[in-house]
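Take a moment to look over the whole chain before you read on. Then follow the paragraphs below from the overall picture to single residues.

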Amino acid sequence: MRSECIMLLAALTAACFGQTRGKTSASLQLLSGGDYIADHGYLDASGKVKAVDISPDLLSPRFQYSGPPRFEIRPLSGPGSKRGDGPPLAWYDLPAGPGPHRLILLVNPRPGSNGISAVNDEPGALPFGSIRFLNLCPHPVELQGERLRVTVKARGSAVIRPDVKDGQYFDLNVVGGAAEDRRTAHLRHFHMVDARNLIFIEPEGESGEIRLKGVEERATKAEAPNVATPPPKQS
């Protein structure tokens, strides 16, 4: 009898452990890396697709996800709208553990790729009043301001806080390419302490040109910046 109880307890423990490993939770926002993605959403734990706007210009409203670690973007209806019904439009394996993990997911479906990359959005990673530059070029770039010199490695990122007052303009050059053929993109940014920005540094064509694409998010009343918050660190 005792051995049977031990076996039953072991089985229940294994089952619970398996359920824990097979589920995660995350606080997410979505952003398209290309065109607007309409009539799609994410697959929830029940197997239903929940609609969400995936815009290239605005971060989606933040939502809480709880379900399998593989986060999937699928059409709202028709072929591919159910788990196992063909491949998803894009997917991302969320970090293991109960979470909640806080991420911004960049959705850019393309053949041979899962189509989603993640930006850490844990508290302090991108506070309001700051800018995160994400270098999507295959070479490093340098951020050059009046009192600023920051190198951002290829496929890397850096966070800065403009050294101007709220409501003033901040000018910055983004310089990249080989020493003999340097290319420059100029950013003129209107600084607001209650806004945070993602600036994508992208290669353009085969000439080595670079372009900047920005996305801004304004703080809600609950997210209003604290003047005592220390400036973000470069990463």
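Accessible areas are worked out by the Shrake-Rupley method with a 1.4 Å probe, and for residues only the protein chains shown count as cover. For this chain the accessible surface comes to about 13,400 Å². Carbon and sulfur atoms hold 55% of that surface.

The model is a predicted one: local features need pLDDT of at least 70, side-chain atom pairs count only at pLDDT 80 or more, and totals for chains, interfaces and linings use all residues. Residues are numbered from 1 along each chain as its sequence is written, and side-chain values use heavy atoms, with hydrogens and water left out.

Start with the fold. Helices (H or I, at least four residues) and strands (E, at least two) are DSSP runs, numbered from the N terminus. The chain has one helix and 16 strands. How much of the chain is buried? A residue is buried under 20% relative accessible area, exposed over 50%, and partly exposed in between (1.4 Å probe, protein chains only). Of the 235 residues, 40% count as buried. Next come the contacts, meaning heavy atoms within 4.5 Å. Among contacts in the chain with a separation of 6 or more, 58% join residues 24 or more positions apart.

Now go to one buried spot. Ser 60 sits in the loop between strand S3 (49-51) and strand S4 (63-67). Is Ser 60 buried or exposed? Ser 60 counts as buried because its relative accessible area is 2%. Leaving aside neighbours within four places in sequence, Ser 60 touches Gln 29, Leu 30, Val 52 and Asp 53.

Aromatic rings come next. A pair of aromatic rings is described by the distance of the centres and the angle of the planes. Rings of Phe, Tyr and Trp (its six-membered ring) pair if their centres lie within 6.5 Å; planes under 30 degrees apart count as stacked, over 60 as edge-to-face and the rest as tilted. The structure holds six aromatic pairs. One of them joins Phe 63 and Phe 71, which are stacked, at 6.4 Å centre to centre and 25° between the planes. Both Phe 63 and Phe 71 are buried. Together with Tyr 42 and Tyr 65, they form one aromatic cluster.

On a 1 Å grid over the protein atoms alone, a cavity is a set of points where a 1.4 Å probe fits but cannot get out, and lining residues have an atom within 4 Å of a point. Grid points are joined across faces, edges and corners, and a volume is the space filled by probe spheres set on the points. The count comes to one cavity of 30 Å³ or more. The largest cavity has a volume of about 30 Å³. Its lining is made of Leu 59, Ile 104, Leu 126, Arg 196, Asn 197, Leu 198, Val 215, Glu 216 and Glu 217. Strand S15 (195-204) and strand S16 (209-218) are the elements that give two or more residues to this lining. For classes, Ala, Val, Leu, Ile, Met, Phe, Trp, Tyr, Cys and Pro count as nonpolar, Asp, Glu, Lys and Arg as charged, and the others, Gly among them, as polar. The lining has five nonpolar, one polar and three charged residues.

Strand S16 also holds Glu 209. Glu 209 counts as partly exposed because its relative accessibility is 30%. Not counting residues up to four places away in sequence, Glu 209 touches Arg 183, Glu 202, Pro 203 and Glu 204. Thr 184 is 25 residues from Glu 209 along the chain, and their C-alpha atoms are separated by 7.6 Å.

Ser 117 is found in strand S8. It is in contact with Ile 104, Leu 105 and Leu 106, leaving aside neighbours within four places in sequence. Ser 117 is partly exposed, at 39% relative accessibility.

Finish with two loop residues. Asp 39 lies between strand S1 (24-32) and strand S2 (40-43). Arg 155 lies between strand S11 (148-152) and strand S12 (157-160). Asp 39 has a positive phi of about 60° although it is not a glycine, and Arg 155 also has a positive phi of about 60°. Asp 39 is exposed at 59%, and Arg 155 is exposed at 60%.

Terms used: On a 1 Å grid over the protein atoms alone, a cavity is a set of points where a 1.4 Å probe fits but cannot get out, and a pocket is an open set with protein on both sides within 12 Å along at least five of seven lines; lining residues have an atom within 4 Å of a point.
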